[in-house]
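Hi,

Here is the structure I promised to pass on. Have a look at it first, and my notes follow below.

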Amino acid sequence: MSDLLRIEDLSVTYRTEEGPLPAVRDVTLAVDRGEVVGVAGESGCGKSTLASTILRLQPASATVTGRVLVDGEDVVTMRWGDLRALRWAGASIVFQGALHSLNAVRRVGQQIAEPIQLHEPGVGDAEVERRVGDLLEQVGLPAARAKAYPHQLSGGQRQRVMIAMALACRPDLVVADEPTTALDVMVQAQVLDVLSALVRELGVGMLLISHDLSVLAETSDRIAVMYGGRVVEQGPAAQLFTDPVHPYTAALGASFPRVGDPAARYAPAGLAGDPPDPRYLPPGCSFHPRCPIGTDECTAAEPVLETKRPGRDAACIRVEVS
Ligand SMILES: Nc1ncnc2c1ncn2[C@@H]1O[C@H](COP(=O)(O)OP(=O)(O)OP(=O)(O)O)[C@@H](O)[C@H]1O
């Protein structure tokens with residue numbers, strides 16, 4: 001129970017005009033201090049829903065069951081006052097597309113200072129300025145860039161500013177949802193290196209979300225792979241990438257070239273078809289219609305996530321325990 005983040009049996013269902021849409025189903029996951037846990041999967045598998053629910057930023061149309069414990073406190077049932085205190089200071093989030101969310105008419109230093117001024121009103125101006133300079137240097141930018149406006153920075157530099165903002169109040173936990181997707185692959189790798197090194201150095205825990213398994217293999221300690229709203233495999237990052245247990249992980253890993261390869265693609269090349277619509281999940285294993293080793297047996301029941309090899313969990317009846 002000492003995990004910084006502990007997600008237990010989390011399910012998130014959206015109300016839609018066409019009926020309930022179960023975006024996240026029975027997810028259990030933990031992140032410790034100084035640890036980077038990657039969450040991988042194709043578009044629509046529930047990664048962003050998971051990320052937003054951790055800080056209770058999910059839309060009002062979402063019904064949440066299960067628990068999201070941050071430092072032992074359940075975010076799902078937390079009172080608003082405690083939730084406000086938690087955001088930024090206890091846990092912060094870097095969103096997908098954050099690149100465009102900086103205010104164009106304010107200097108980036110002012111924007112990094114804002115969460116500090118809001119959450120730590122006792123900190124004086126000189127100290128705030130010093131911390132902003134330190135944060136910029138930590139993310140690999142000169143402190144003097146605090147005076148720059150967003151348009152004076154490159155995409156990679158702006159993303160570094162977003163990371164500095166996320167770290168401004170010294171949170172214990174950072175949730176990063178596709179933080180570098182808009183950047184070219186070389187810059188992506190640099191920004192992620194900075195981010196994961198900082199997380200380890202500062203003892204922060206990070207949940208890093210990406211559709212690209214190779215990116216996660218380079219930066220995470222452990223990885224959870226999602227499909228159809230569920231975790232279908234989890235284990236140590238390097239092993240999961242080089243020696244996948246679940247056929248979906250294997251397909252996902254084979255589809256993405258390593259970080260830095262300019263030929264990076266965004267769809268699993270070896271996999272026919274699309275991920276399922278969560279409203280109309282196929283019976284049994286939701287991956288079976290696309291699975292290279294699926295049989296009729298796979299349609300009978302949804303496979304449970306179980307330990308197949310030491311430290312390696314997968315939800316697939318076609319994989320023997322060994
Ligand atoms: N506000 C919403 N209302 C209804 N359905 C939603 C809402 N947000 C997401 N969904 C649906 O929930 C499912 C999971 O979406 P989510 O964005 O969490 O997946 P994702 O893996 O992060 O994909 P992406 O990388 O494309 O954002 C999808 O079927 C999506 O259409």
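In helix 3 (residues 108-119), the buried residues are Val108, Gly109, Gln111, Ile112, Ala113 and Ile116. Buried here means that 20 or more other C-beta atoms, placed from the backbone, lie within 10 Å of the residue's own; helices (H or I, at least four residues) and strands (E, at least two) are DSSP runs, numbered from the N terminus. Their cover includes helix 4 (125-138) and helix 5 (155-167), with contact meaning C-beta atoms within 7 Å.

Two things to keep in mind: this is a predicted model, where local features need pLDDT of at least 70, side-chain atom pairs count only at pLDDT 80 or more, and totals for chains, interfaces and linings use all residues. Residues are numbered from 1 along each chain as its sequence is written.

Strands 1 and 2 are joined by nine bridges, and Ile7 has Leu29 in strand 2 as its bridge partner.

And what surrounds the ligand? There are 16 residues around it, of which Tyr14, Ala23, Ser43, Ser48 and Thr49 come nearest (near means a C-beta atom within 6 Å). Strand 1 (5-16), strand 2 (19-31) and helix 1 (47-54) each give two or more residues to this shell, and helix 1 has the largest share, three residues.

Cheers

Technical notes:
A residue is buried if 20 or more other C-beta atoms lie within 10 Å of its own, exposed if 12 or fewer, and partly exposed in between; C-beta atoms are placed from the backbone. Two residues are in contact if their C-beta atoms, placed from the backbone, lie within 7 Å. Two strands pair if DSSP finds at least two bridges between them.
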